[in-house]
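Here is a short report on backbone geometry and aromatic contacts. Please look at the structure first.

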Amino acid sequence: MAVPTTGKRIVFTGGSGKAGRHCIPYLLSRGHTILNVDLNPLPHPIVHTLKADLTDSGQVFNALSSHFHLSHYENPRLPSGAGVQPPDAVIHFAAYARNLLVPDSECFRGNVLSTYNVIEAACKLGVKKVIIASSETTYGVCFAQGDAEYHTFPLEEAYDNDPEDTYATSKLCGERCARSFTRRFPGVDIYALRIGNVIEPDEYETLFPEFLDKPAMRKRNAWSYIDARDLGQICDLCVQKDGLGFQVFNATNDTITTKEPTAEVLKKYAPDTMVTREMGEYEAPLSNRKIREVLGFKDEHDWRKYVRV
């Protein structure tokens with residue numbers, strides 16, 4: 001159980017989605033106050049959802065300078081000329097979550113423009129911490145045509161990302177926007193999370209039996225995953241860790257999603273891909289070493305707790 005910490009006011013975009021609806025309860029358990037900005041409601045008794053089009057810069061500026069709840073109108077009147085205090089942090093998860101939800105051009109436009117707008121508004125409003133959702137797909141295999149190969153293993157943040165698909169390219173553009181704004185606004189931290197295949201608690205029962213029976217199908221996800229609740233922990237650790245400027249973090253759990261050890265899986269399914277360092281016996285090929293060493297991430301929801309091998 002998470003121990004509450006000093007709470008922050010956080011605007012969370014896309015909190016009604018698959019990842020967000022598990023991250024927000026974790027953040028609340030840590031003592032934070034959340035405003036969810038999403039086109040869809042989040043059924044939570046103490047989290048208000050503000051509907052906004054994040055591709056509209058004006059709406060984004062407004063959302064990031066909004067009350068968090070109707071009850072806040074009962075607070076004392078603000079001094080003349082003072083607006084609502086901007087949040088302490090912004091976590092931006094809202095996006096088209098993959099290819100083929102909308103035409104490619106709209107996926108690119110929506111994802112890149114919304115990310116730019118959120119980062120710009122946050123920086124210009126004086127927010128010092130922004131966390132954005134990037135993706136495992138930026139490593140170039142998940143949505144590649146045909147049977148593509150990774151350059152090297154493990155996949156770490158210094159990798160030469162060269163995806164061919166629109167969704168992953170939109171996420172790399174978001175990373176570049178983040179890096180640009182940290183140069184323009186010294187003192188602002190923007191952390192991009194390359195989020196692995198998100199697994200909800202009920203999906204260990206529904207998805208993992210096939211994952212274990214058919215390891216080849218998991219190559220596109222680098223045989224890795226992130227429990228949605230552990231992603232909440234990563235968000236909280238990012239909120240707490242200051243002073244890093246622009247950073248990219250792989251957001252995955254510790255272990256590979258196979259019965260067999262990592263070396264055996266890579267030798268069988270990616271025999272021509274070079275392994276650049278010694279890996280742990282069951283280490284996930286999409287490595288989370290950086291979040292463990294820099295942020296102090298502790299894997300709480302290893303899939304083996306929930307799936308009989």
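**Backbone**

This is a predicted model. The peptide bond between Phe153 and Pro154 is cis, with omega at about -5°. Pro154 sits in the loop that runs between strand S6 (152-153) and helix H4 (166-184).

Two residues carry a positive phi without being glycine. Ala222 has a phi of about 55°. Trp223 has a phi of about 50°. Ala222 belongs to the loop between helix H6 (208-213) and strand S9 (226-227). Trp223 is also placed in the loop between H6 and S9.

Are these two residues buried or exposed? The cut-off for buried is under 20% relative accessible area. Ala222 has 1% relative accessibility, so Ala222 counts as buried. Trp223 has 0%, so Trp223 counts as buried too.

**Aromatic pairs**

How many aromatic pairs does the structure hold? There are 15. Two of them involve Tyr225 and are set out here.

| Pair | Geometry | Centre to centre | Angle between planes |
|---|---|---|---|
| Tyr204 and Tyr225 | edge-to-face | 6.4 Å | 90° |
| Phe208 and Tyr225 | edge-to-face | 5.8 Å | 85° |

What does the pair of Tyr204 and Tyr225 tie together? Tyr204 lies in helix H5 (residues 203-206), while Tyr225 lies in the loop between H6 and S9, so this pair joins parts 21 residues apart in sequence. Phe208 lies in helix H6, so its pair with Tyr225 joins parts 17 residues apart in sequence.

Burial comes next. Tyr204 and Tyr225 are both buried. The relative accessible area of Tyr225 is 0%. Phe208 is buried as well, with a relative accessible area of 0%.

Which residues do ring pairs link into a cluster? They are Tyr204, Phe208, Phe211, Tyr225, Trp303 and Tyr306.

**Charges over rings**

Phe211, a member of that cluster, has Arg218 over its face. Arg218 is 3.9 Å from the ring centre of Phe211. Arg304 lies over the face of Tyr282, at 4.9 Å from the ring centre.

**Recap**

The loop between H6 and S9 holds Ala222, Trp223 and Tyr225. Ala222 and Trp223 have positive phi values there. Tyr225 pairs edge-to-face with Tyr204 and with Phe208. The cis bond joins Phe153 and Pro154, and Pro154 is in the loop between S6 and H4.

Methods. Residues are numbered from 1 along each chain as its sequence is written. This is a predicted model: local features need pLDDT of at least 70, side-chain atom pairs count only at pLDDT 80 or more; totals for chains, interfaces and linings use all residues. Side-chain values use heavy atoms; hydrogens and water are left out. Helices (H or I, at least four residues) and strands (E, at least two) are DSSP runs, numbered from the N terminus. Buried means under 20% relative accessible area, exposed over 50%, partly exposed in between (1.4 Å probe, protein chains only). Rings of Phe, Tyr and Trp (its six-membered ring) pair if their centres lie within 6.5 Å; planes under 30 degrees apart count as stacked, over 60 as edge-to-face and the rest as tilted. A charge sits over a ring if NZ of Lys or CZ of Arg is within 6 Å of the ring centre and within 35 degrees of the ring normal.
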